[in-house]
Amino acid sequence: MKTTYSVTDAQQNLPALMQAASTGTPVKIETTAGKQQGAILLSEARWTAIQQQLAGQEPEDELHHRQDFYRAWGRL
C-alpha cells in the first residue's frame, strides 16, 4: 500500500487507510487546493509516543525535534 494519497483517494479508502495507520504505517494526505494543508494519519499509540517524547524535552530541544519531525514528514 502506498503512503501518500490525494484527498479524493483518501475519502474513498478511509477504512483501509485507518487500518494501515493503526498497524504502524503513517499515511500522508496531500492537497493542492489553495492554502489548505495536507494531513498525516497516525495510530493513536504513535501519536502518544511522539507527544510523550516532546513533553520530556527542554524547550530548545523541543524546537529542534519538532523541526526535524516536520522535515522528516515532508519527505514522505
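These are my notebook entries on one protein chain.

**Ground rules.** I am working with a predicted model, where local features need pLDDT of at least 70, side-chain atom pairs count only at pLDDT 80 or more, and totals for chains, interfaces and linings use all residues. Residues are numbered from 1 along each chain as its sequence is written, and side-chain values use heavy atoms, with hydrogens and water left out.

**Layout.** I looked up the elements and found four helices and three strands. They run β-α-α-β-β-α-α from the N terminus. Helices (H or I, at least four residues) and strands (E, at least two) are DSSP runs, numbered from the N terminus.

The chain has 76 residues, and 18% of them are buried. Buried means under 20% relative accessible area, exposed over 50%, and partly exposed in between (1.4 Å probe, protein chains only). I then checked contacts, meaning heavy atoms within 4.5 Å. Of those with a separation of 6 or more, 29% join residues 24 or more positions apart.

**Core.** Which residues make up the largest nonpolar core? I noted six: Tyr5, Ala10, Leu17, Ala20, Val27 and Ile29. Helix 2 and strand 2 (27–30) each give two or more residues to this core. Such a core is a set of buried Ala, Val, Leu, Ile, Met, Phe, Trp, Tyr and Cys residues joined through side-chain atoms within 4.5 Å.

**Ala20.** I found Ala20 in helix 2 (residues 14–22). Ala20 counts as buried because its relative accessible area is 9%. Lys2 is 18 residues away from Ala20 in sequence, and their C-alpha atoms are 9.9 Å apart.

**Thr25.** Next I went to the loop between helix 2 and strand 2, where Thr25 lies. Its relative accessibility is 33%, so Thr25 counts as partly exposed. Leaving out residues up to four places away in sequence, Thr25 touches Thr3, Ala20 and Leu41. Thr25 and Ser43 are 18 residues apart in sequence, with 8.1 Å from C-alpha to C-alpha.

I looked up the largest pocket and got a volume of about 150 Å³. Its lining includes Trp47, Arg66 and Trp73. Helix 3 (44–55) and helix 4 (59–74) each give two or more residues to that lining. A pocket is an open set of points on a 1 Å grid over the protein atoms alone, where a 1.4 Å probe fits, with protein on both sides within 12 Å along at least five of seven lines; lining residues have an atom within 4 Å of a point. The volume is the space filled by probe spheres set on the points, which are joined across faces, edges and corners.
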